[in-house]
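Good morning, and thank you for coming. Please look at the sequence and the structure on the screen while I go through a few of the regions one at a time.

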Amino acid sequence: MTVFQEILEWSKQRPVWQRDALRRLVLNGELTGDDISALTDICKSVHGLAEPEDIAPLSNEHVPEKVAGGAPVSLVSIFHYRGVNALAEDQTLNFGPNLTVVYGDNAAGKTGYTRILKSACRARGQEPILGNVVSGATPLSPVVSIKYKVGSEQEPQEWAGSGENEFVSRVSVFDTQCAAVYLTEKTDVAFRPFGLDLFDKLVRACRAIRAKLEVERRALDSSGLADLLGQFPQGTAAAKLLSSISSLTKPEAVQSLARLSPDEESRQTLLEKSLLDLQANDPKKLIRQLDLRAGRVETLARHIKAVETALSEEAVAAALEARTESNRKSEEARRLREATLQTGMLAGTGSESWTELWEAARQFSRGHAYPAQAFPVVENGAHCVLCQQELDHAAAHRLKQFEAFVASTTERELRQVRESFTQLVKSFTDLETTTEATKETLQEIRIEQEAVAEALSVALSANEERRKAIVLALTRDEDIPPDCPALTSVAYDVDVLAKQYRDRINTLNTNATEETFKGITAETRELRGRKLLSQYESRILDEIERKKKIAAYGQCIDDTKTNAITQKSTAVTKTAVSQTLKERFRDELSDLGFRHVEVELTEAGGADGVLYHKLILTRAPGVELPKVASEGEQRCLSIAAFFAELSTADDPSGIVFDDPVSSLDYRWREGVARRLVQEARTRQVIIFTHDVVFLLLLKQFAVELSVAQLDQHVRQFPKGAGVCTEELPWVAMPVKRRIGYLKNEQQAADKLFRNGHQDAYEKEATYVYGLLREAWERALEEVLLWGIVERYRPGVQTQQIGAIADISAEDCRTVEAAMTKTSRWLPGHDQAAAARAPVPEPADLKTAIEELDNWVTAIRKRRR
């Protein structure tokens with residue numbers, strides 16, 4: 001299973017925001033500020049702190065099948081403009097693509113350049129760059145640049161000296177400070193296969209999201225409900241609830257306790273009054289007063305019930321129905337009248353007013369004109385009771401028709417309906433919603449319970465307005481208007497009030513004990529607490545919500561803990577890296593010939609998604625390594641650890657060594673030199689050194705292993721340290737380079753001679769003759785003896801012994817003659833005044849140099 005597949009499987013048990021974060025990291029490499037904000041919202045949404053978010057977790061489609069390593073980075077040059085240590089201004093230090101050796105004596109400026117590199121590249125120990133603090137002037141701010149290439153790019157890129165550069169930071173630096181870190185401290189895995197870096201990035205995301213969540217959670221900080229606790233009666237259910245408010249408190253529990261029912265409201269009022277009653281000086285007198293009040297309130301209750309009954313929806317509906325029925329019957333009577341009564345009669349005959357006239361005539365006939373005779377009387381000689389004229393046949397017939405019409409069922413029902421409607425209207429018209437007795441009782445109630453009295457007054461006023469609106473609509477034969485006030489019912493409240501008075505009387509009539517008083521007091525306190533709870537209900541519910549949010553933020557922050565990430569990173573790193581790292585460390589020690597002390601690289605725990613390693617003594621893991629190993633052994637161990645670490649990198653970017661053989665004796669120096677040159681076959685290796693022997697070893701192995709080498713020489717001059725040339729010091733030059741150097745020096749001497757500077761010329765010529773003698777000595781080792789034995793090299797190249805079989809007596813005479821000639825002009829040989837000869841002229845010096853060149857060329861040519 002690949003690293004990515006391991007992470008994918010593991011991620012399925014992680015919080016959803018982490019799964020989404022892993023997808024973004026795999027696809028984009030890094031998380032932006034917008035990503036962090038979006039992931040924070042996802043984390044919050046899971047715990048109800050934000051609206052649900054669209055989530056796209058890491059899945060198979062996001063996992064690459066194969067990951068290619070990054071392109072290697074190599075350095076091209078360092079340009080120092082100003083401001084770094086005591087380095088001279090405007091200096092360029094160049095680097096080759098394979099092996100570059102930067103040689104310089106102590107205080108020549110090598111450290112200034114390595115500090116520049118450490119500030120930009122990967123190094124175990126960073127250090128600040130100081131200005132020229134010994135110059136006596138205010139140090140200038142550093143201005144430097146580094147040119148580098150990525151992969152096969154032809155044109156170099158440039159780091160301008162500030163900020164982090166992702167490419168330059170791939171180059172690794174090893175120096176004394178780094179060596180100490182490897183030996184004494186636990187180190188993380190600097191280079192890990194692509195995929196393992198997801199753990200580091202996920203940890204950084206955890207920290208960023210946690211920081212945002214903690215800021216938001218702190219914004220919810222509050223003193224809570226502490227200021228309310230003192231207001232509540234101690235020991236009551238309300239006080240207990242208030243003191244135990246948490247994120248788990250159910251709002252329904254608060255609402256249930258805080259909201260008193262009408263009966264409980266009434267009960268509280270009764271208890272409050274009863275407590276006062278029990279403290280009265282004359283209970284009997286108080287009983288009589290309460291009895292009178294109860295009677296008046298009961299009378300008020302009956303009155304209000306009557307009013308509410310009279311103005312109820314049912315009563316109004318009955319009146320409206322009676323009116324509707326009356327109108328219907330009137331229409332039926334009209335049709336009957338038209339069908340029954342003859343045409344040509346006066347308008348309005350048979351109408352309601354006409355009927356009233358007819359009924360009046362009936363009463364006059366029965367009571368006065370024709371008592372004991374059926375109305376209408378139309379027999380012989382009868383007179384009309386209205387016009388007092390004798391009735392003829394037509395008139396008598398008309399009166400009989402009138403009576404038949406009036407006596408019909410329809411007309412009779414119409415009269416009944418009209419009478420009923422009239423009575424109903426009268427019940428609304430004559431209704432008194434508020435009487436003097438009512439007002440007096442309300443005034444009396446107001447003394448003890450003003451709120452109740454006010455509520456009753458308002459209700460009676462509203463009902464009076466309702467009565468007026470109903471009466472107006474009925475008398476105008478109109479519908480009840482929409483704005484007609486609804487019936488306000490307070491009959492129950494008055495009954496409760498009356499009952500309170502009776503209960504108070506009963507309490508006073510009962511022999512109240514101390515237990516009774518305590519019971520009433522306790523119940524009253526409970527109701528008071530609940531009443532007070534209702535006043536702060538909104539604030540308490542807000543507090544519960546605040547605590548819920550704080551708890552939810554706590555859950556969100558728990559989702560950003562890195563323990564599980566560290567554990568998985570450790571497990572995967574052990575599988576994918578640690579074993580490789582350990583094996584490579586053992587191999588590196590073997591290559592360096594380090595076998596006498598058993599040292600191993602082992603895991604040293606992990607934190608924040610990072611697995612650490614440390615060097616330990618295999619047989620004494622509790623003993624600090626520097627207390628056992630010598631300085632040279634320590635340096636070998638550090639270099640081995642450094643190369644082991646490089647083995648885990650995805651790309652062979654350049655590496656820089658600053659005095660890698662410091663403290664190394666001859667036993668280790670050769671092995672380190674060979675190892676560095678071997679590494680230069682696959683990556684750029686840059687070595688800063690002041691050790692000539694080590695320099696020559698590097699050059700020797702570079703030739704043996706066919707590794708291209710660029711030499712750089714930094715020196716101290718009056719204008720500053722770190723002055724760069726590509727010319728190695730004389731002692732490190734091979735014969736060919738020495739001959740070239742001598743030719744350049746001869747030209748300089750010739751110029752002095754031609755310009756008439758005789759003393760300067762003689763001094764320069766004498767110096768060149770001395771160098772020429774040294775060049776013949778080097779030619780003897782390197783050319784005539786074919787490098788079998790050379791100074792500064794511990795070994796003898798016996799395999800080259802056959803090449804020197806061609807050495808002739810002539811070769812020996814040539815060397816002897818050249819050594820004699822050049823020795824003549826060496827300073828320090830005191831010659832007799834008579835034997836002193838003038839210094840040869842430039843042409844002679846040139847000839848002497850050419851003789852060496854020709855001799856070297858001839859020998860090499862014949863040995864091809």
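Predicted model: local features only at pLDDT ≥ 70, side-chain atom pairs only at ≥ 80, totals over all residues.

I begin with Val377, which sits in the loop between H13 and helix H14, residues 393-406.

Is Val377 buried or exposed? Its relative accessible area is 7%. The cut-off for a buried residue is under 20%, so Val377 is buried. Leaving aside residues up to four places away in sequence, Val377 touches Ser365, Tyr370, Ala382 and Leu391. There is also a distance to note: Val377 and Ala396 are 19 residues apart in sequence, and their C-alpha atoms are 8.4 Å apart in space.

Rolling a probe the size of a water molecule over the atoms shows where empty space is left. How many cavities of 30 Å³ or more does the structure hold? There are three. The second largest cavity has a volume of about 90 Å³. Val377 is one of the residues that line the second largest cavity, and the others include Trp358, Ala361, Ser365, Tyr370, Phe375 and His383. Helix H13, residues 352-369, gives the most to this lining, with three residues. By class, the lining of the second largest cavity has ten nonpolar residues, two polar residues and no charged ones.

Next, an open space: the second largest pocket. About 970 Å³ of space lies in the second largest pocket. The elements that each give two or more residues to its lining are helix H24 (692-704), strand S13 (709-717), helix H25 (735-754) and helix H26 (758-784). Which of them provides the largest share? H24 does, with eight residues. In total, 29 residues line the second largest pocket, and those nearest its centre are Lys699, Gln700, Val703, Glu782 and Glu790. By class, the lining of the second largest pocket has eleven nonpolar, six polar and twelve charged residues.

Strand S13 leads us to the sheet. Seven strands form an open sheet of mixed pairing, in the order S4-S7-S11-S12-S3-S13-S14. At its edges are strand S4, residues 122-123, and strand S14, residues 720-725, each of which pairs on one side only. In a regular strand the side chains alternate between the two faces of the sheet.

Two pairs of strands in this sheet may be set side by side. Strand S3, residues 99-103, and strand S12, residues 685-689, run parallel and are joined by five bridges. Within that pair, Leu99 stands opposite Val685 in S12. By contrast, S13 and S14 run antiparallel, with four bridges between them. S13 and S14 form a hairpin, and two residues lie between the strands. Although S14 is an edge strand, S14 is mostly covered, with five of its six residues buried.

Among the buried residues of H3 are Asp35, Ile36, Leu39, Thr40 and Ile42. What covers the buried residues of H3? The cover includes helix H2 (16-28), helix H6 (197-218) and helix H20 (537-558). After H3 comes Gly48, with a positive phi near 80°.

The 22 residues of H6 should span 32 Å at 1.5 Å a residue, and the distance between the end C-alpha atoms, 32 Å, agrees. Buried residues of H6 include Asp197, Leu198, Phe199, Ile209 and Leu213.

Finally, consider Pro72, in the loop between H3 and strand S1, residues 73-82. Pro72 has a relative accessible area of 32% and is therefore partly exposed. Pro72 touches Lys149, Val150, Gly151, Asp651, Pro652 and Ser653, not counting residues up to four places away in sequence. How many residues apart in sequence are Pro72 and Gln684? They are 612 residues apart in sequence, and in space their C-alpha atoms are 9.2 Å apart.

That concludes the presentation, and I thank you for your attention.

Technical notes. Residues numbered from 1 in each chain as written. Heavy atoms only, no water. Buried < 20%, exposed > 50% of the residue type's maximum accessible area, 1.4 Å probe, protein only. Contact = heavy atoms within 4.5 Å. 1 Å grid on protein atoms, 1.4 Å probe; cavity = no way out; pocket = protein on both sides within 12 Å on 5 of 7 lines; lining within 4 Å. Points joined across faces, edges and corners; volume = space filled by probe spheres on them. Nonpolar A, V, L, I, M, F, W, Y, C, P; charged D, E, K, R; others polar. Pairing = 2+ DSSP bridges. Expected span 1.5 Å × (residues − 1).
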